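The points can be taken in order.

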Amino acid sequence: MYGIFRPAAHQPRLADDCIDGEYKKLRWQIFLGIFIGYAGYYLVRKNFSLAMPFLIEEEGFTKGELGIALSAVSIAYGLSKFLMGSVSDRSNPRYFMSAGLLVSAIIMFIFGFAPWATESVTAIFILLFINGWAQGMGWPACGRTMVHWFSGDERGRTVSFWNVAHNVGGGLIGPIFILGMAWFNDWHSAFYLPAACAAFIAVFIFFTVRDTPQSCGLPSIEEHRNDYPSDYSSEHEQEFSGKEIFMRYVLNNKLLWFIAFANAFVYLIRYGVLDWAPTYLHEVKDFDVDKSSWAYFLYEWAGIPGTLLCGWISDRWFKGRRAPAAILYMVLVLVALLVYWSNPAGNPGIDMAALVAIGFLIYGPVMLIGLYALELVPKKAAGTAAGLTGLFGYLGGAVVANIVLGYTVDIYGWDGGFMLLVMGCVAAILLIGLTMKHETAHYKAMAIEQN
C-alpha cells in the first residue's frame with residue numbers, strides 16, 4: 001500500500017520571484033481541497049444514524065443491536081486513524097485522501113441499493129467496519145498537509161477554520177436526507193445520495209491537493225515565512241520511519257498520551273448526543289423525520305461559530321493555552337446537556353436550543369485536542385500524533401457512546417443513558433483539568449529552551 005501512496009519527490013526550486021505567487025495560489029487551492037474533502041468524508045460517516053429509526057420500526061432491530069453495528073465505525077476508525085495515520089506520514093495526501101473517500105462512497109452505495117446490507121447486524125457491522133477503516137484515511141492526511149503548508153504562528157486559526165469542515169459535512173446529511181425523501185420517498189436515500197456527492201468530492205481532492213511544498217518546487221513553509229519552532233532543525237524536513245515516529249516522538253510523549261485519554265470522554269459526549277439524537281427525539285420528544293433531520297443539521301452547523309470562537313478564546317484569553325478554553329466549553333456542555341435531558345416533551349424550541357448549544361460547544365474541545373496533538377510533535381509525525389488521540393477518542397469514547405449507551409437505554413431507559421453522558425462530561429472536565437497542570441509545565445520548559 002505504501003508504494004501506491006508514496007510521497008511526491010522534491011522538485012527543482014522555482015525562481016525566487018515566482019515563489020510568493022505560487023505559494024499563495026497553492027495554499028488557497030490546497031486548503032480548499034482538504035476542507036471540502038474532509039466535509040465529504042462526513043457525508044458518508046454518520047448518515048447511518050438517520051436510518052436507525054427506520055431500521056428499528058421496519059426491521060425490528062433493538063437499540064443495543066444497532067449500537068453494536070454502529071460501533072463498527074468507531075472501532076475501525078479509531079484503529080485506522082492511528083495505523084493509517086502512520087502510513088499517511090509517509091504518503092502523498094493527494095492519493096491517500098481521495099482513495100479513502102472513494103471507498104467510503106462505495107460502501108454507502110451498497111447500503112443504499114443492496115437489500116442484504118441492512119438485513120442483519122453482521123452485514124451492517126462488516127460494511128460499517130470497512131467504511132470506518134476508510135474514514136481513517138481523512139484526518140491524518142489533512143493534518144500532514146496543514147503542518148507542511150501553514151507555519152506555527154498561523155496554524156491555530158488555520159486549524160480552527162479547517163475544523164468546521166466536520167460540521168459542514170455532518171450537518172448537510174440532514175437536508176440531503178430530506179431532499180432524498182422528497183425525491184424518492186425512500187429512506188435508503190440517506191445512503192446513496194450522500195455517496196454520490198462524496199464520489200464527486202473524491203475527484204475534487206485529487207485535482208486540488210498536493211504533497212509537500214518541496215514537491216512543488218517551493219521552500220519549506222518555515223523558511224518561506226521565517227517562522228521556525230523553537231526545536232526546529234533540518235531533520236524535521238526528512239521523512240521518518242514508522243518505528244522512529246512512534247518510538248521517538250509518540251511513545252515517550254507523556255502530554256500527548258494524557259490528552260489522548262481526555263479525548264475519550266469528549267468523544268463520548270460528542271457521539272453520545274449526535275448518534276442517538278434522531279432516535280431520542282423521535283421516541284421521547286415526538287419529533288417527526290423532518291424535525292429530527294433539521295435538529296441533526298443545526299447540531300452540526302452550530303459547531304462552526306463555536307469552534308471559531310473557541311480558537312479565538314484559546315489564543316486571546318488564554319495566550320495559546322488549550323486546556324482552560326476546553327474546560328470552559330465542557331462546563332457549558334454539561335449545563336446544556338442537563339437542559340436537553342430534563343426538558344419535557346412538547347417544548348421543541350427548548351430541545352432545539354439545547355441541542356444547538358451542545359453542538360456549538362462540543363466541537364471546540366475536539367478541535368483544541370486535535371490541534372494540541374499536532375503541536376506536540378515534529379510535522380513529519382503529525383499524522384501519527386493525530387491518530388493516537390483519534391484512537392482513544394473513538395475506541396474509548398465513541399464505542400461506549402454506541403454500544404454501552406445503546407444497551408443502557410434498552411435496560412434503564414433514556415434517563416440511564418443521560419446519567420452515563422453526564423458522568424462522562426464530568427470525567428472529561430476533570431481530565432482536561434489535569435492536563436492544564438502539565439500544559440503549564442510544558443510551556444515553561446519551552447520558554448526556558450528559547451531563552
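1. Terms for the linings. Ala, Val, Leu, Ile, Met, Phe, Trp, Tyr, Cys and Pro are classed here as nonpolar, Asp, Glu, Lys and Arg as charged, and the others, Gly among them, as polar. On that scheme the lining of the second largest pocket has four nonpolar, one polar and two charged residues.

2. Basis of the note. The model is predicted, with local features requiring pLDDT of at least 70 and side-chain atom pairs pLDDT 80 or more, while totals for chains, interfaces and linings use all residues. Residues are numbered from 1 along each chain as its sequence is written, and side-chain values use heavy atoms, leaving out hydrogens and water.

3. Overall make-up. The protein has 17 helices and zero strands; these are DSSP runs numbered from the N terminus, helices being H or I of at least four residues and strands E of at least two. Of its 451 residues, 61% count as buried (under 20% relative accessible area; exposed is over 50%, and partly exposed is in between, with a 1.4 Å probe and protein chains only). Among contacts (heavy atoms within 4.5 Å) between residues at least 6 apart in sequence, 84% join residues at least 24 apart.

4. The core. The largest nonpolar core contains 140 residues, and Tyr38, Met330 and Tyr340 have the most contacts inside it. Helix H17 (residues 382-450) gives the most to this core, with 19 residues. Such a core is a set of buried Ala, Val, Leu, Ile, Met, Phe, Trp, Tyr and Cys residues joined through side-chain atoms within 4.5 Å. Leaving aside residues up to four places away in sequence, Tyr340 touches residues that include Val273, Tyr280, Leu281, Ile358 and Phe418.

5. The second largest pocket. Its volume is about 190 Å³, and its lining consists of Arg27, Trp28, Phe31, Phe150, Glu154, Thr158 and Phe161. Helix H1 (16-43) and helix H7 (152-163) each supply at least two of the lining residues. The search uses a 1 Å grid over the protein atoms alone: a cavity is a set of points where a 1.4 Å probe fits but cannot get out, a pocket is an open set with protein on both sides within 12 Å along at least five of seven lines, and lining residues have an atom within 4 Å of a point. Grid points are joined across faces, edges and corners, and a volume is the space filled by probe spheres set on the points.

6. Thr158. This residue lies in H7 and is buried, with a relative accessible area of 10%. Beyond residues up to four places away in sequence, Thr158 touches Phe31 and Phe150.

7. Cavities. By class, the lining has twelve nonpolar, five polar and two charged residues.

8. Helix H2. H2 (residues 48-59) has twelve residues, but its end C-alpha atoms are only 14 Å apart, short of the 16 Å that a straight helix would reach at 1.5 Å a residue; the expected span is 1.5 Å times one less than the number of residues. Nine of the twelve are buried, so H2 is largely enclosed by the rest of the structure. One of the buried residues is Phe48, with a relative accessible area of 1%. Setting aside residues up to four places away in sequence, Phe48 touches Leu55, Leu66, Leu70, Ile124, Leu128 and Phe191. Just after H2, Gly60 takes a positive phi of about 80°.

9. Most residues other than glycine have a negative phi. Asn185, in the loop between helix H8 (165-184) and helix H9 (189-208), has a positive phi of about 50° and is exposed at 66% relative accessible area. Asp286 has a phi near 60° and lies in the loop between helix H13 (277-283) and helix H14 (289-316). At 60% relative accessibility, Asp286 counts as exposed.

10. Ala345. Ala345 is in the loop between helix H15 (323-342) and helix H16 (348-375), and at 42% relative accessibility counts as partly exposed. Among its contacts, not counting residues up to four places away in sequence, are Val284 and Asp286. Ala345 and Val284 are 61 residues apart in sequence and 6.7 Å apart in space, C-alpha to C-alpha.
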